[in-house]
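The sequence and the structure are shown first.

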Amino acid sequence: MNTNTTATARGEDSAGADGRPMAYVAGPDGGPRGLVLVADGIGGLDLCAGSLGRLVPQCRLPLEVRTVRWGHGVGRWLADLTRSDNVARHAGQMAEQVREFLGRHPEGPVFLVGKSGGAGVVLRALEGLPEGSVERVVLLAPAVSPGYDLSKALRGVRRELVVFISPLDFALLGAGTWAFGTIDRVRGVGAGLVGFRGPDPGSMGGADAAAFAAKVRHVRWRPSMARVGYLGGHLAVDMPPFLRRYVVPLLKAGPVDLGAIVAGRPGSGSDSRG
């Protein structure tokens, strides 16, 4: 796994185990208080991870940001999309990073962020984690089928799984996923277009339906998001203005007022710059 640029509260560099630097703001003991793992979409550009790696230190959050580079390289989008064994392997490695971090920092919150195809990696990683391992999960325009069974993944989430969706993302998560399939290899629209479908409360999965209702939060595109450059398509959700406004405020331990963050009400923390 590779990582992005480093920044600490003291302005020092700290290299990761693979020799590449990690982005974080130091806590009182000189180390990070929490971890953010970011899995970008297919194609290997890692725009979301790069942006968050810069924003988190700017906003003075005591979090280490790591890029989960799960794909086959820049431009190899079809291989990323179709090789399920690769998704499973990197999801397992992602889960191991969570376990390793919590072994060293048992009280440190862990956050997972997945963009487009990377959302599938995040969900598979959650399925391999103990209950409540991850504080909060953010999925941006997930290229996952709407009927994906979230029951196992939700057990690994302590608070919410926040899903940003847009009915205007029809080019990639409508036509594109109908033609080439979602990351979980289903031909049809992606959850980033219409949202995830929860289990039937009247079925045998009553507990799963309750967990879905309690934890899954869909944030639908609204015209006001155009102010930060997000026009409802598949792009710009991984750009700094959108991430600062809507995602960075979610990277905090404890309850958050999602409604206030989305609406931009005072006190939501959406404009925090440290």
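## Burial and overall organisation

Gly53 has a relative accessibility of 3% and therefore counts as buried, where buried means under 20% relative accessible area, exposed over 50% and partly exposed in between (1.4 Å probe, protein chains only). Gly53 belongs to helix α1 (residues 47-58). Its C-alpha atom is separated by 8.4 Å from that of Thr67, 14 residues away along the chain.

The model is predicted: local features need pLDDT of at least 70, side-chain atom pairs count only at pLDDT 80 or more, and totals for chains, interfaces and linings use all residues. Residues are numbered from 1 along each chain as its sequence is written, and side-chain values use heavy atoms, with hydrogens and water left out.

The average pLDDT (the predictor's confidence in each residue, from 0 to 100) is 88 for the protein chain, and 84% of the residues score at least 70. Residues 1-22 have a pLDDT below 50, yet this stretch has 63 contacts in the model beyond near neighbours in sequence, a contact meaning heavy atoms within 4.5 Å. The pLDDT is also below 50 over residues 270-274, a stretch with 15 contacts beyond near neighbours in sequence.

Ten helices and seven strands make up the secondary structure of the protein chain; helices (H or I, at least four residues) and strands (E, at least two) are DSSP runs, numbered from the N terminus. Of the 274 residues, 54% count as buried. Among contacts with a separation of 6 or more, 67% are between residues 24 or more positions apart.

Strand β4 (residues 110-115) has six of its six residues buried, so it is largely enclosed by the rest of the structure. In a regular strand the side chains alternate between the two faces of the sheet. Val110, Leu112 and Gly114 point one way from β4, whereas Phe111, Val113 and Lys115 point the other way.

Two strands pair if DSSP finds at least two bridges between them. Strand β2 (residues 34-39) pairs with β4 in the parallel sense over five bridges, and Val36 stands opposite Phe111 in β4. Strand β5 (residues 136-140) also runs parallel to β4, joined to it by five bridges, with Val113 opposite Val138 in β5. From β4 the chain passes through helix α4 (residues 118-127) to β5 in a right-handed β-α-β crossover; right-handed means that, with the strands pointing away from the viewer, the path from the first strand over the helix to the second runs clockwise.

## Aromatic pairs

Rings of Phe, Tyr and Trp (its six-membered ring) pair if their centres lie within 6.5 Å; planes under 30 degrees apart count as stacked, over 60 as edge-to-face and the rest as tilted.

| Pair | Geometry | Centre to centre | Angle between planes |
|---|---|---|---|
| Phe164 and Tyr246 | edge-to-face | 6.4 Å | 65° |
| Tyr230 and Phe242 | edge-to-face | 5.1 Å | 75° |

Phe164 lies in strand β6 (residues 161-165) and Tyr246 in helix α9 (residues 240-247), so their pair ties together parts that are 82 residues apart in sequence. Tyr230 lies in the loop between β7 (216-220) and α9, and Phe242 in helix α9, so this pair ties together parts that are twelve residues apart in sequence. Phe164 and Tyr246 are both buried, as are Tyr230 and Phe242. Ring pairs link these four residues, Phe164, Tyr230, Phe242 and Tyr246, into a cluster.

Arg245 lies over the face of Tyr246, at 4.5 Å from the ring centre; a charge sits over a ring if NZ of Lys or CZ of Arg is within 6 Å of the ring centre and within 35 degrees of the ring normal.
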